[in-house]
Amino acid sequence: MKSVTDLPEPVRVEENLWIPLSDGVRLAARLWRPQGADGHPVPAILEYIPYRKRDSTRTRDDVMHHYFAGHGYACLRVDLRGSGDSEGVLEDEYLQRELDDGVAVIRWISEQPWCNGDVGMIGISWGGFNGLQIAALRPPQLKAVVSVCSTDDRYADDVHHMGGCLLGDNLSWASTMFAYNSLPPDPEVVGTEWRETWFQRLEGSGLWLEKWLRHQRRDDYWKHGSICEDWSAVQCPVMAVSGWADGYSNAVFRLLAHLRVPRLGLIGPWSHKYPHQGVPGPAIGFLQECLRWWDRWLKGRDTGIMDEPMLRAWMQDSVPPTTYYHERPGRWVGEPRWPSSNVAQQALTLAWPGTLEPPSTQVPEGEMAVQSPLSVGLFAGKWCSYAATPDLPHDQREEDGGALVFTGAPLESPLEILGAAAVELQLSVDRPVAMVAVRLSDVAPDDKATRITYGLLNLTHRDSSESPQPLEPGGTYRVRVKLNDVAQTFPAGHRVRLSVSTSYWPLAWPAPQPARLRILMGASRLLLPVRKRRDEDDARIGFPEPEGGSLSTEIRQLTPQHHNWRVIRDLAEDRSTLEVINDHGTVLLESLGLEMQRKALEWYSYRSDDFNSVRGETLWERGFRRGDWQVRTVTRTVLTSTPTEFLLHAQLDAYEGQRRVFSRNWDVSIPRDLV
């Protein structure tokens, strides 16, 4: 990425300013603005997240907000209540208090002498979520939103659940926030009150995983903050952005289909990152694209951005399977609206003894059965790739031995899909609670199988996630499993493969007991969203190379980083473990004189085919040091289960220097609710 130092306007940076709220709490903000904004007020852009503006996101914030400020915007990065240098305690995601605080922040910004009264919101992940949620509250000063890697549906399409199945990332993400919430503010910003604020957080933030596990179906807890409950509440323009390696690409399609405001969708090959820093590449000049958006909706200029196709997506070419890609080959394609009349459904019938047949083929009815081992899923990668570790799915032949596999004939010509594939299954199961995982793969002539997309369904949620119902063992059901949206080209000579399994651990928590699934051939089918090529129109779509603002500090790596995923098969004990190592080492933020340490370890294991042996464990260590000030926290979470309960154990220890100053343990049992 090119760092641009010669921006149109000189930029003034305020390291910290305080935003007062009505209850006396102050939120900490970092501000970039054009030097002339006091005499000539400008629109403002807000990013509002809990990830520590002072240190953790400092360089990322510099790149984006310094760049926007140099093009005529006042940009604020605000720590949520109870995070970073802000006061208060953060007790959960997307609470109404957080959203109300956000509305108050927008009002405060609009009243400052350097702001002309118009505000936009931008954010990735948490900041993408609350940008949509605050837009639904309709603060009059909020004129446009850029929402990156976010969702409109907190139950069906977030880190917690998928198809009614409990995701392994639910534990992983809870552990991430467990570690963040244990950290103190910086004494250089807040003064001697830092310790009092720290202990308020240690005592008051709580164990979020317990809260989440007590809501296993789609209840009011998850409906709160899900703008899909009322699309019409959003009244300002929205740009929705994601990547195919991210966990949140589906939301882009729903937002385009259901919002009734000016809107654009952009999906690249990226993981959970802003597109100007996108991995897998190619990264794009996303900040320049955002400027076209802001100039249109905050400055009233016709930048031509609304003349672009409503959806612009990276059509991925075929690649061999591996857990990390530096770049994904492909090309940009566009659709003028979504849903698109250029995409048509193509059906393939599941047939004996494991083929995919066109609908015109006569397929005799018959059953195929599978009872998958817990090993299916060890090569699945992460629900949401962060590209910090090799976390993409490996060769699917490693998984297919424990699944029913249906493979089509070699393609006579290339096949291009855009949108959501689906599988309709006529099935029966021998347990009252069971799940099904379906995977779509691109099989090359050398038989290597690259997973293209996948879907999960807790079969008790077949009709409703609000009111799930147990299965009648042996009863026949017809279910539909939606796979994640994708854009993919299958070359001529390659084959399409559908794989069906009854477990997908550790991507999803297994059912209480192993289940045997029977599928009726002929009555079950795969539905593909086939796209007609529009090469002349698509060739007009392109983006400049990434640019960004200059950094406020040099960063020196003091100890090495270490990132890895390891599958460990102990054949003597018949125990299998996925070990995830995400160690960022220790870095020095030179301008702050601040050392920062971050290390996370995760283990997901099982023994033999014992569903009661499934175990997830996470261990986080985070620390800061400046001179004599040295703090460190260690958080550990262990989740296991029985057929009737989830068992949760957690530990939190905080240290000043070598002295432990706080310690707390949790031991909780939570009934399983048809999960």
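Trp-198 counts as buried in this predicted model, because its relative accessibility of 0% falls under the 20% limit.

**Aromatic pairs and cluster**
- The count of aromatic pairs comes to 28.
- One of them, Phe-129 with Tyr-248, is edge-to-face, with 5.6 Å from centre to centre and 85 degrees between the planes.
- This pair links distant parts of the chain, 119 residues apart: Phe-129 belongs to helix 3 (residues 126-135), and Tyr-248 to the loop between strand 10 (238-243) and helix 9 (249-258).
- Phe-129 is buried at 1% relative accessible area, and Tyr-248 is buried at 5%.
- The Trp-194 and Trp-198 pair is stacked, because the ring planes are at 25 degrees, with the centres 5.7 Å apart.
- One aromatic cluster includes Phe-129, Tyr-248, Trp-126, Trp-208 and Trp-383.

**Arginines over rings**
- Arg-296 lies over the face of Trp-297, 4.0 Å from the ring centre.
- Arg-328 lies over the face of Tyr-325, 5.1 Å from the ring centre.

**Surroundings of Asp-153**
- Asp-153 sits in the loop between strand 7 (142-148) and strand 8 (161-162) and is buried, with a relative accessible area of 10%.
- Its side chain makes a polar contact of 2.6 Å with the side chain of Arg-218, and one of its side-chain polar atoms lies 3.2 Å from the backbone nitrogen of Tyr-155.
- Beyond its neighbours within four places in sequence, Asp-153 contacts residues including Ser-226, Cys-228 and Arg-254.

**Helix 1**
- Helix 1 (residues 58-69) reaches 16 Å from its first C-alpha to its last, and 10 of its 12 residues are buried.

Conventions
Residues are numbered from 1 along each chain as its sequence is written. This is a predicted model: local features need pLDDT of at least 70, side-chain atom pairs count only at pLDDT 80 or more; totals for chains, interfaces and linings use all residues. Side-chain values use heavy atoms; hydrogens and water are left out. Helices (H or I, at least four residues) and strands (E, at least two) are DSSP runs, numbered from the N terminus. The expected span of a helix is 1.5 Å times one less than its number of residues. Buried means under 20% relative accessible area, exposed over 50%, partly exposed in between (1.4 Å probe, protein chains only). A polar contact is a pair of N or O atoms within 3.5 Å; within protein, one must be able to donate a hydrogen and the other to accept it, and residues adjacent in sequence count only if both atoms are side-chain atoms. Contact means heavy atoms within 4.5 Å. Rings of Phe, Tyr and Trp (its six-membered ring) pair if their centres lie within 6.5 Å; planes under 30 degrees apart count as stacked, over 60 as edge-to-face and the rest as tilted. A charge sits over a ring if NZ of Lys or CZ of Arg is within 6 Å of the ring centre and within 35 degrees of the ring normal.
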